Amino acid sequence: MIYLDHNATTPVPPEVLDAVQPYFRDTFANPSSQHRLGERARAALEDARERVAAALGVRPAEIVFTSGGTESIHGALCGMTSCGARALVTTRVEHTAAALCADRLEKEGVPVHRLPVDRSGRVQPNVLEEALEAAGAPAALNLIWANNETGVLQDVQLLGGLARARGAIVHLDGVQLAGKGMPCLQDLPADMVSLSGHKFGAPKGAGVLWMRRGAPVRPRFAPGHQEGGLRGGTENLPGIVGLARALEVAKERWSENVSRIEALRDGLQRRIVEALPGTLVNGGDAPRIANTLNLSFHGIEGAGVVHSLSEEDIHVSSGSACLSDVDGPSPVLAAMGVPLDFIHGSLRFSLSWTTTSEEIDRVVDVTVGVVRRLQAMNPSRD
Ligand code: PLP
C-alpha cells in the first residue's frame, strides 16, 4: 500500500499509540473527578498542555484543547466577530471549515470580505490593505496559513503584521503546518492559531486553539467549566495525550526529513510534468509546504485518476478530502484562476517522512499510465 494522502489524515506512529494506551486502560478517569484517579487524569491533561505549549513556543495557559481543526476555527471566527470586530476579512482559498463558518456568520449579519489571491494562490498585501480599509477598524482577519489542497504558504508575517498595525485581531488556520516546520507562535503577528492532531499523527478527535494572553477576544465554544471556562465538555484525554506526543514526534521527524521529503516531492512533480506535457502545477511558483503537490491534467476527471490509482493500492486525493463528496470544482483552484477543464482533472499528492523513493518511482509510473489512458479515452481534448 502506498499512502500519499497525509494532508487528509495521518497514521498514528507507534510512539503515539504507546503513549495513548494507558489513558484508555488505566488512567481513564474524568479529569474533573475529585478522586485520586481523576487527579491523575488532570495531571496528565496539564502535562499534555505544557508539552504542546513547549512545542509551539507559547505559554500552557494559552492552549485550549478542542475536538479538532473545525471546532477551533469555529470558536476563533465566532469569538472574533462577537468581540467588537466590525467585519470578518477572510480569503477565497480557505478550507471548508472556515469558508462555511464565514458563510454562516454573513447570513447572521456579519459583513464578510473574501480576499482574492493571485495566480500562485497568495494574498497580495495591497489587496488586504484595501479590504481592511473597507471593513473599518477593528476588523477580524482569518487566514489559512498553509493551504490543504496546494500546500501554498501565505506570508503571515507580512499580512498579519499589516492587519495588526490597523488594529485587527488575527486568526491563522495552522492545521496543515503544525508538526511541519511551524515557527514559534509567540513571535507571530497573530492572536489565535488553530491546529488539528490527526494531521500530524495523533488519533482523530483532538485539536488546539492557541490564544495569545491578553488578546482582545474570547473564543466561542459550548459553555462549561473545562478548559479554564472557555470550552465545555469532558476532555478527550487519550486524544490530547496523543496529540502532545504526536506533535513532539512530528516536529523531530519533519526536521530530520524535510529536505528528503522536498526532494521526493520535486522529483515526483518534475517526472510527471516531463512525461505529461501540459500538466499544471498549482501553486508551483509560490512557497509551499515540502510535502504537497497539486497537479491538474487537461480533459479528464481527477476522481477517475484517484479510483484507478486506488485499484493499484496507491492512495491520493483529487483535492480536499472534505470536498470530495461535494463534487463541485475546487473553490481554491478557481480562486487561483485555474481553468475549469483543468480544475476537474486535479490531483493532490501529500507525502510524509515515511515516504520512500521506491514508492515515488511506482507512483510516477502508474500515474503517468493512468492519465495517458484516460486522456486517450477523451477524444475532445486537444
Ligand atoms: N483547516 C485545514 C487547512 C484543513 O486541512 C482541515 C482538514 O482537512 C481543517 C481545517 C479541519 O480540520 P479537522 O478535520 O480536524 O476538523
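Ile289, Val332 and Met336 supply 32% of what domain 1 buries against domain 2, more than any other three residues.

Before going on, a word on the model: it is predicted, so local features need pLDDT of at least 70 and side-chain atom pairs count only at pLDDT 80 or more, while totals for chains, interfaces and linings use all residues. Residues are numbered from 1 along each chain as its sequence is written, and side-chain values use heavy atoms, with hydrogens and water left out.

Where do the two domains run? Domain 1 covers 2-6 + 257-381 and domain 2 covers 14-248, with bounds that come from an automatic or database domain assignment. The contact (heavy atoms within 4.5 Å) takes 26 residues from domain 1 and 23 residues from domain 2.

Now for the polar side of this interface. The rule finds 0 salt bridges across it, a salt bridge being a side-chain nitrogen of Lys or Arg within 4 Å of a carboxyl oxygen of Asp or Glu. It does find 6 residue pairs in polar contact, both residues at pLDDT 80 or more. A polar contact is a pair of N or O atoms within 3.5 Å; within protein, one must be able to donate a hydrogen and the other to accept it, and residues adjacent in sequence count only if both atoms are side-chain atoms.

Glu149 counts as buried because its relative accessibility is 3% (buried means under 20% relative accessible area, exposed over 50%, partly exposed in between, with a 1.4 Å probe and protein chains only).

Salt bridges do turn up in the model: the count comes to 21. In one of them, Arg51 meets Glu248 at 2.8 Å, N to O. Arg51 sits in helix α3 (residues 36-56) and Glu248 in helix α8 (residues 237-275), so the pair ties together parts that are 197 residues apart in sequence. Helices (H or I, at least four residues) and strands (E, at least two) are DSSP runs, numbered from the N terminus.

Another salt bridge joins Asp191 and Arg164, with the closest N and O atoms 3.0 Å apart. Asp191 is buried at 4% relative accessibility, whereas Arg164 is partly exposed at 31%.

Terms used:
Buried area is the accessible area (1.4 Å probe) that two parts lose on being put together, summed over both.
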